[in-house]
Amino acid sequence: CCHYKYILICGEEPCVTPNITLTVTPTVTETLTETVTETATPTVTETVTPTITKTVTPTVTPTVTETVTSTITETVTPTITETVTPTVTPTVTETVTPTLPLCYVKQEEWGVELNDFLGYIDGYIYPMGIARDKIKKEIYISVAGAIPLKAAFDIIALNYKGIEKYFGLLNLPDILYIDQIVVLDDKGIMVRKFGEHGSGSDNLNIPGSLVVSDNGNIYVWDFGNSKIKIFSGEGVYIGGVDVPAVATPTIDNYFPIGINFDNEGYLYISDGYSKVMKVTADFSNILWVSGVDGSPGSGNDEFNMPVDVKVFDNYVLVADYGNNRIKVIDKNTGGFVMNIGTGVINKPVAVNVDSEGRVFVAEFDSKWVSVFLDTGEMKKIGEGEIISPIDIEIGDKDELYIGQASGKTILKYVKCED
């Protein structure tokens, strides 16, 4: 036996190379088979499968959901709501309102010289104020003036010799004063009258503005007696007021001129000098005072001879005579709101408002009544037909009752279509 490359070979011949086949065959077979099988199989399987699964799935889902949903909701909804709603509504309202009738014609003229003493004597008797009872449809007129009796007899004596000696025997005053409240129906026919000249509780001395309360009582500004007097609709004296039961300010600091009620029963009074006040109907409390007591002025918070007041809606309109304007103040506070007619009207003595909110103004030195529209435009009514208008009352159909001082009559104007 002998060794050949670490292999023991035994035989009869000495050690040679006959057994080479035995060493080559097992070496090649064992090496190739094991290497190919173990290397290829695990490498492909582990690398491909996990890579595709992890990359594709999480990327697609969150991108689509978040982008589309939020964009549509936030952009479209608020744009339509804010743009369309406010544009249409106010345009239609403002355009339609001013189409109101502006034409008035004189329908009737009523005389108020109701004392027929000697018939043809020209007395100085004037309508001073006009008020209307909306329930009874009656018109109340305050009348003030005088008839010069002595002068009348002197004229008669020129035609009838010797008659003047009888004047003293008749025991008549030289001047007959007429101070009354005359009540007319809606056709201008007198139904009653009450009051007479004097200083007693139920007398009158130059009655001026008057107003009818909701319960039918008549509140009259009695200029000569410095009182506001109250009568029933039938002329029964109820009471008179000098001042409210409040220390200051007082109503009789100056003669009250304009008086008017609101729909809640409060009374508004202008003093004819420098202020306007709101009081309770029983005069027990002053709620506010507008203007400066005892100090006339031309500022927005001042008056110079406020001579008439009218309440409309939440406002009080004041004929500010000395400032040639209609001043509008707040009904609840007395605070300034606006001026009307500044630089256009002259010596306004009366103001009123119709159902459509148009403002009517009587100017004492004019021959018409001015009307201001909500557009700011001014029109004239009865131009050339009215002489020194002194008060204005408005009826249920916006007809106008105008007292004229120089003409000494009441004029009734109606809308042209009526």
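Reply: Helices and strands are taken here as DSSP runs numbered from the N terminus, a helix (H or I) having at least four residues and a strand (E) at least two. The model is predicted, so local features need pLDDT of at least 70 and side-chain atom pairs count only at pLDDT 80 or more, while totals for chains, interfaces and linings use all residues. Residues are numbered from 1 along each chain as its sequence is written, and side-chain values use heavy atoms, with hydrogens and water left out.

The part requested comes first. A patch is built from residues with over 30% relative accessible area and no salt bridge; like charges are joined within 9 Å, and nonpolar side chains (Val, Leu, Ile, Met, Phe, Trp, Tyr) within 5 Å. A salt bridge, in turn, is a side-chain nitrogen of Lys or Arg within 4 Å of a carboxyl oxygen of Asp or Glu. The areas come from the Shrake-Rupley method with a 1.4 Å probe, and for residues only the protein chains shown count as cover. The nonpolar patch consists of Tyr315, Phe336, Val337 and Met338, which together have about 320 Å² of accessible area. Strand E19, residues 336–340, contributes the most to this patch, with three residues, and Phe336 is located in E19.

The setting is a chain with two helices and 26 strands. Buried means under 20% relative accessible area, exposed means over 50%, and partly exposed lies in between (1.4 Å probe, protein chains only). Of the 418 residues, 39% count as buried. Contact means heavy atoms within 4.5 Å; among the contacts in the chain with a separation of 6 or more, 47% are between residues 24 or more positions apart.

A nonpolar core is a set of buried Ala, Val, Leu, Ile, Met, Phe, Trp, Tyr and Cys residues joined through side-chain atoms within 4.5 Å. The largest core has 16 residues, and Phe360, Ile381, Leu400, Ile402 and Tyr413 touch the most other members. Two or more residues come from each of strands E20 (348–353), E21 (359–363), E22 (369–372), E24 (389–394), E25 (400–404) and E26. Apart from neighbours within four places in sequence, Phe360 is in contact with residues including Tyr104, Val371, Ile381, Ile392 and Leu400. A second, separate core of 14 residues includes Leu317, Ala319, Val353 and Val361.

Not counting residues up to four places away in sequence, Val241 touches Lys227, Ile228 and Phe283.

Links between side chains complete the account. A disulfide is a pair of cysteine sulfur atoms within 2.5 Å, and a search of the whole structure finds one. Its partners are Cys103 and Cys416, with sulfur atoms 1.5 Å apart. The link is left-handed, with -60° about the S-S bond. It joins distant parts of the chain, 313 residues apart: Cys103 is in the loop between helix H1 (20–96) and strand E3 (104–111), and Cys416 is in the segment after strand E26 (409–415). Cys103 is partly exposed at 38% relative accessibility, as is Cys416 at 34%.

The salt bridges number 18. In one of them, the side chains of Lys137 and Asp396 meet at 2.4 Å, N to O. These two residues are 259 residues apart, Lys137 in the loop between strands E4 (124–133) and E5 (138–148), and Asp396 in the loop between E24 and E25. Lys137 is partly exposed at 33%, and Asp396 is partly exposed at 44%. Lys379 pairs with Glu377 at 3.0 Å, N to O. Another salt bridge joins Lys380 and Glu383 at 4.0 Å, N to O; Lys380 is partly exposed at 40%, whereas Glu383 is exposed at 52%.
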